[in-house]
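Trainee: Please show me how to read a few local features in a model.
Mentor: Here is the one to work from.

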Amino acid sequence: MKQLNFFKHNKSFYSVIFLTLAIFMVSCKKDSDKKDPGNIEIEFDNIAVVNGIERQLTLVSPGSTDYGYTNGMSQTFNINLLRYYITNIKLEGPNGEVFTDHVHVSSSGTEGIYLVDEAQPSSGSVILDNVPAGEYNKITFTVGVEENGVTEGAAGGNLDPATCKMFWNWNSGYIALKFEGQSNVSAGGTTGTETLEGVTKGIAYHIGGWKTIDGTAFVYNNKTMSFTFDTKAKVEKGLQPAVHMVFDVIKLFSSKNLIDFTGNNNVHKPVDGKPAAENIPGAFAFDHIHQ
Amino acid sequence: MSLLFFIDMKRKIALLIGATFIIFSCGKDDVVTKTSPYSLIRPDYFPEITYPLENNPITKEGFELGKKLFNDPRLSLDNSVACSNCHVKGVAFTDPQHNPSVGIFNQIGTRNAPMIANMAFQSEFLWDGGVSHLDFVPVFAIENQKEMGEELHHVVYKLNKIPEYAPLFKAAFPGIDTITSPYMLRAISQYMLLLVSDKSKYDRVQKGEDVFSASELTGKAVFDQKCAACHSGALFTNYEYMNNGLDLVFMDVGRELISALASDLGKFKVPSLRNIMLTAPYMHDGRFKTLDEVLEHYRSGVKLSSTLATNLSNSGQLGIPLTDEEIEAIKIYLKTLTDYEFISNPIF
């Protein structure tokens with residue numbers, strides 16, 4: 001009885017001890033379970049699916065009449081260059097794991113803004129570090145550079161307007177995706193931004209447009225998309241899983257809207273790039289994971 | 001009592017002296033900041049500063065590097081055209097001689113070189129507002145085939161080859177190894193940001209340091225009634241894009257190029273009227289050589305098209321009804337916008 005009384009009177013005392021123990025135990029549990037963050041690689045692989053077979057792209061010189069690919073309208077074409085920005089990468093897992101890649105723009109460089117260039121194979125590999133340990137089965141990213149790429153002022157790194165070759169000076173902002181090549185059906189005399197002697201079959205799709213201003217018809221062509229993996233990528237210190245994403249250039253011209261290379265084939269402003277921009281989410285796909 | 005009072009007085013005097021000293025020293029600091037020619041001061045009747053200064057703090061070294069770049073023709077393809085060729089200080093950084101301006105290989109441009117003044121308070125640049133950040137304005141001129149015709153990466157390459165630039169860039173942006181475009185552009189921005197025109201007679205009146213004459217007041221009354229709907233506020237622009245009835249067929253689509261909106265066909269940014277007496281020729285294509293021609297256009301030359309500014313057709317007739325006397329009065333008032341200190345400032 002005395003003991004009980006003591007217990008009663010010291011209820012709060014016991015509560016404190018109990019809580020402290022509980023906290024201690026929980027934190028111990030957490031400590032023993034918690035793994036250090038690790039890296040994850042996201043690989044963007046540009047391909048063309050031809051007759052159901054994934055093929056690596058072959059770039060040709062401007063003016064080439066060697067047409068290796070066929071669009072959704074049975075028009076043949078080739079590729080001089082393919083470049084696009086990947087930004088705002090976010091990873092999520094089934095147990096609440098979330099990793100949001102830090103995006104920072106400054107004159108000395110950029111973080112979280114990746115420029116994938118088919119001419120530089122290593123540019124397709126994006127290594128994210130300090131990713132919290134856990135399992136991830138979903139990725140979200142944006143193709144294109146959002147408003148902060150312009151409003152933060154002249155930037156370095158992947159946004160350096162002198163070196164990125166993705167900057168529109170007349171309508172200041174960054175091209176989200178740039179494709180240039182030739183098609184046998186094109187009457188265009190130019191390729192890309194240059195008029196080349198003897199190049200008569202040029203096609204150019206400079207897809208961009210980041211402004212959204214009320215009361216105007218500014219065309220916003222950046223695209224944000226999510227993909228769920230059929231397996232999970234396990235991240236912790238010492239592991240570096242690689243998530244392979246593919247970008248099918250054939251689908252850039254057919255996934256939603258059929259792009260006809262006979263007209264509107266020299267795209268250099270947002271409104272003209274809208275149909276192809278709408279194809280971008282359908283051109284990307286999750287492929288596989290190397291754990 | 002009297003002793004206490006005395007002590008109290010002494011304390012009060014001591015406090016007063018102390019306080020005066022604090023106020024004085026605060027004031028002194030303030031004065032030092034305000035008189036430094038390398039800091040951006042917004043007159044309280046100006047619009048807010050739109051430029052993100054925290055990303056590019058203005059320094060003497062940065063400003064002077066920007067000024068040197070602004071005046072360096074090596075920023076153009078054939079090393080013949082500097083920014084200052086078409087933005088001449090003596091006429092408020094516009095182009096007095098050419099109509100429109102002349103670029104590399106003596107090519108004639110398509111648009112009239114706009115005034116560079118009060119850039120810190122604007123959010124969209126060029127006649128069509130296509131550039132949304134001051135840092136990127138020079139890229140347009142450098143890469144425009146008819147202006148400076150150069151590629152930005154090649155300008156950067158050239159700057160890295162010119163020995164005198166390396167120490168200037170290092171002084172302006174400590175810690176950088178090589179010259180890259182963002183530093184070049186930010187230096188030019190620092191220069192342009194300080195080009196604030198706020199010392200005209202109009203400004204002195206705003207600051208209570210001067211008064212308008214009777215004829216200036218007459219002009220102001222006409223202006224406020226007939227012009228200020230668009231040329232409003234301390235910078236004499238509403239920052240909107242308007243078709244002011246110059247044409248029926250538009251050789252230059254103007255704002256429509258940027259907004260992709262058919263209703264923006266033939267619209268151009270309402271220009272600031274500051275220093276208007278110095279900035280001939282007028283209009284986006286420099287078609288009018290004198291202010292008389294401009295005012296005559298508004299009185300009798302306005303052409304009706306689908307995108308014409310409603311202010312130019314809502315009086316039941318096209319244009320703005322103006323008598324000869326009113327035109328003269330407006331001109332007298334506009335003369336108060338000429339800022340002689342601005343165009344003769346030795347640090348610019």
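Mentor: Helices (H or I, at least four residues) and strands (E, at least two) are DSSP runs, numbered from the N terminus. This is a predicted model, in which local features need pLDDT of at least 70, side-chain atom pairs count only at pLDDT 80 or more, and totals for chains, interfaces and linings use all residues. Residues are numbered from 1 along each chain as its sequence is written, while chains are lettered from A and ligands numbered from 1 in the order in which they are written.

Trainee: Where is B:Phe93 found?
Mentor: In chain B, B:Phe93 sits in the loop between helix 3 (83-86) and helix 4 (137-143). Its phi is near 60 degrees, a positive value in a residue other than glycine.

Trainee: Is B:Phe93 buried or exposed?
Mentor: A residue is buried if 20 or more other C-beta atoms lie within 10 Å of its own, exposed if 12 or fewer, and partly exposed in between; C-beta atoms are placed from the backbone. B:Phe93 has 27 other C-beta atoms within 10 Å, so it is buried.

Trainee: What is phi of B:Leu126?
Mentor: Phi of B:Leu126 is near 75 degrees, again positive in a residue other than glycine. B:Leu126 also lies in the loop between helix 3 and helix 4 of chain B. It counts as buried because it has 21 C-beta neighbours inside 10 Å.

Trainee: Which residues does the cis peptide bond join?
Mentor: B:Ala280 and B:Pro281, with omega about 0 degrees. B:Pro281 belongs to the loop between strand 2 (268-269) and helix 11 (291-301) of chain B.
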